[in-house]
Structure formats: C-alpha cells, structure tokens
Amino acid sequence: MSSTEELIGRANVNDIEAILAITNTDVDEVAHAVRANAEAIFTWDYEQSRKPLQRLYEKAKTSQWNSNDLPWDTDVDPAAVAAANQVQNGYGDNRVDLTGTPFQHWGDKEWIDFNIESQSWTLSQFLHGEQGALICTAQIVETVPWIDAKYYASTQVMDEARHVEVFSRYLSDKLHGFYPINAHLKMLLDDIIADSRWDMTYLGMQIMVEGLALAAFGFMHQMTTEPLLKQLLRYVMSDEARHVAFGVLSLKEYYEQLSAAEIRERQEFAFEAAVRMRDRFLQQEVWERMGINVQEAVKVALQDPDRPIFQSMLFSKIVPNCKKLGLLDAADGWLRERFTELGVIQFEDWVDTGEEYATLDEVAKDRAGSAA
Ligand SMILES: [Fe+2]
Ligand SMILES: [Fe+2]
C-alpha cells in the first residue's frame, strides 16, 4: 500500500506550492515519446460472447459523424464565446475583494482578455486530452485480450481522431491558437500509457479522463451560445458517453476476478488520476502568459465562491462509475475516504454511464428527427 506522498508526490493534496512547482519544462517540443510497456495480445477466440460490448460496437458503427458537416462557416467572436463560458471566473464580478491583488486595477479590457485566454487554455487541454484518448485507445486495441473489446476500441480510435480534428480546427480557425499541454495532465497521460496492465489504460482513460471530459463538455455545452461550438460539443459528447460506458462495462467484468490487493492498486490509481486532474484546474499557464504572478493569481482564484461547486461537478460522472466498479468500498472504503477529502463523494448515487450512454446519443436523435 502506498502513502499519499508516494502516490502524488506530496503529503497534502491541497498543497498549492507543491502543485504550482510542477510546470511544463519543454513547451516548444513538437514530439513527446513515452515508452508503452504492455504486450500486444492476439486472440484466437473470435466468438463474440460479451453482449454489452457487442451492443456498444453496433451502436458505434451507426453513430459515426463527419466533422466536415459541422457549421464551420459560422462567424465566431472569441470575446463573446469566452464571456458566455466563463462560469468558473466568479472573482471578476466583484464577489472577491481584489484590493492589493494583481487584479486591483483591471478593467473590462483585461477581464475580456483573460476570459479569451482562459477559454483557449481550456479547449487546448481538451484537445491534448483527446490525443491522449486516441493513443490510449489504439493501445487498448492491441492489449485487451477480448475480441469484442478490440472491435469496439477500434471504433473509438476513429471517434478520437475526429475529436482531435474538431478541437484543433476550432482553436486554429476560430480562436487564436493553442496552449501547450498542462504539466499535470501530461504526467497523468504518461502514467496511463506507460502502465503495462491493459485494464489500467481503461481505468485512467475511459473512467477518469473521459469521465471528467464528459462532465466538462456537458457544462460548456449548456453555457455556450456559439452555435458551432455547441453542436461540436454535443456530437463529441455522444461519442464520449459510449467511451465511458465501454470502460465501465469492460472493467465491471474484469474486476470481479481480481484479488483484494489488485483492487487496492486500482483504487490508488484512480485517486492519483483524480488529483492530477484537479491540479490542472489552477490553469497556471494562463497567468504565466498574461505576465501575472502565478502564486498571487491562484490565491485569488481559490477565493471564488463558485469554484468548489464547479470543480466538484466535474467528478459527477467519475464517482458513480467508480462505485459501480466496486472501487469506492473495497479495502475498507479507502477510495471513499479519498473522494470525501476531495469533496466529491456526494455524486456516488448519480446515474452511472453504463446505464446512461444511450440517452446521450444526440447523433442518433438527430438522424431519427430528420428521417421523421
Ligand atoms: Fe474524445
Ligand atoms: Fe473519448
């Protein structure tokens, strides 16, 4: 069993200095290599015996969409998009005392600039996470021993290529370009790819990273009034719900045969992933780019009265899915305690994505609508 310090490199999950000390040291790199340690597995058992995965595969085959069909001719005003989406920046509207902070003399122009940067940063992290999903899922095609899972994962690879494509195109054509990957997100993706156990790829990517993405896309989809971004997110979410369901349905079967010690390792990995994802929300790179002292800016950002609710909502898919997999209560509730410390345990009885995914298939709904 590992201590918190061994798992995440610090004893206190809320140690802001330690979080900010981790930065992306090579922001100009164009290629980044990670050694994958897993074996590629052939299976000679071609019988499709896993019905839930087979259903998911059939659904994926008929829910493909073409990114070129999105309304790319929409005129996008980056300031308006940013203003509509800035739910997480409650300190810009006088609810936090800014006296003596770097924001003391900020006027409308600075806040608008900040919102634009923040929006680009958020979408850039979505983009990099999508590439992580592309690589992880291609890895699952190789490493998972079940034919039904190889079939399904191959459809997800196509989905993820489309997601990388649409976020990249939106950032370069409609906003002002990209931010590099956040150091905490990069660390997590590297850990997921390097792990030799095929189920850890699923846990890190399909359950944790994509579980958070599904919630985050849902938020932005509700907030945004920009029609291109709204439709783009709606279609990406249709795919993401299937991906998270793929993780839940595959791991549900696999975890039933693991020992208590093996389950404990999965709990620890889920905790590490949750902390890394939470750490990235300090969006330290935005302050750096704007020439603001990062420590001081983060201190103000943390006083935002809306922040705890917004941040915890991002775990609203992860926690019920972990519960469904039996990860919350194994090992005397070790992960339940950790999620309680992180302030996210209240979502444990929300609907899990293994149940919910079909209702989120907007592509199928649109096709049914236009056929009627
Ligand atoms: Fe994706
Ligand atoms: Fe995905």
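Is Trp 146 buried or exposed? In this predicted model, Trp 146 counts as buried, at 10% relative accessibility. In one of them, the rings of Trp 146 and Trp 198 have centres 5.3 Å apart and planes at 70°, so the pair is edge-to-face. Trp 146 sits in the loop between H5 and H6, while Trp 198 belongs to helix H8 (residues 198-223), so the contact ties together parts 52 residues apart in sequence. Trp 198 is also buried, with 12% relative accessibility. Its ring pairs with that of Tyr 202 as well: the centres are 5.7 Å apart and the planes stand at 70°, so this pair too is edge-to-face. Both residues lie in helix H8, four residues apart, about one turn of the helix. Tyr 202 is buried, like Trp 198. Ring pairs join Trp 146, Tyr 152, Trp 198, Tyr 202, Phe 246 and Tyr 254 into a cluster.

The model also holds iron. Glu 130 (OE), Glu 160 (OE), His 163 (ND1) and Glu 240 (OE) coordinate the iron ion (ligand 1) at 1.9 to 2.2 Å. Angles among the four donor atoms run from 86 to 143°, and the site is irregular. Glu 160 bridges this ion and the iron ion (ligand 2), 2.9 Å away. Glu 130 in helix H5 (residues 108-143) and Glu 160 in helix H6 (residues 147-173) are 30 residues apart, and the pair links distant parts of the chain. Glu 130 is buried, at 4% relative accessible area. Glu 160 is buried at 0%.

Charges also meet aromatic faces. Arg 162 lies over Trp 65, 4.6 Å from the ring centre. Arg 338 lies over Trp 334, at 4.9 Å.

Notes:
Residues numbered from 1 in each chain as written. Chains lettered and ligands numbered in written order. Predicted model: local features only at pLDDT ≥ 70, side-chain atom pairs only at ≥ 80, totals over all residues. Heavy atoms only, no water. Donors = N, O, S within 2.8 Å, 3.2 Å for Na, K, Ca; no water. Tetrahedral: all angles 85-135°; square planar, octahedral: opposite > 155°, others 65-115°. Helix = DSSP H or I, 4+ residues; strand = E, 2+ residues; numbered from the N terminus. Buried < 20%, exposed > 50% of the residue type's maximum accessible area, 1.4 Å probe, protein only. Phe/Tyr/Trp six-rings, centres within 6.5 Å; stacked < 30°, edge-to-face > 60°. Lys NZ or Arg CZ within 6 Å of the ring centre and 35° of its normal.
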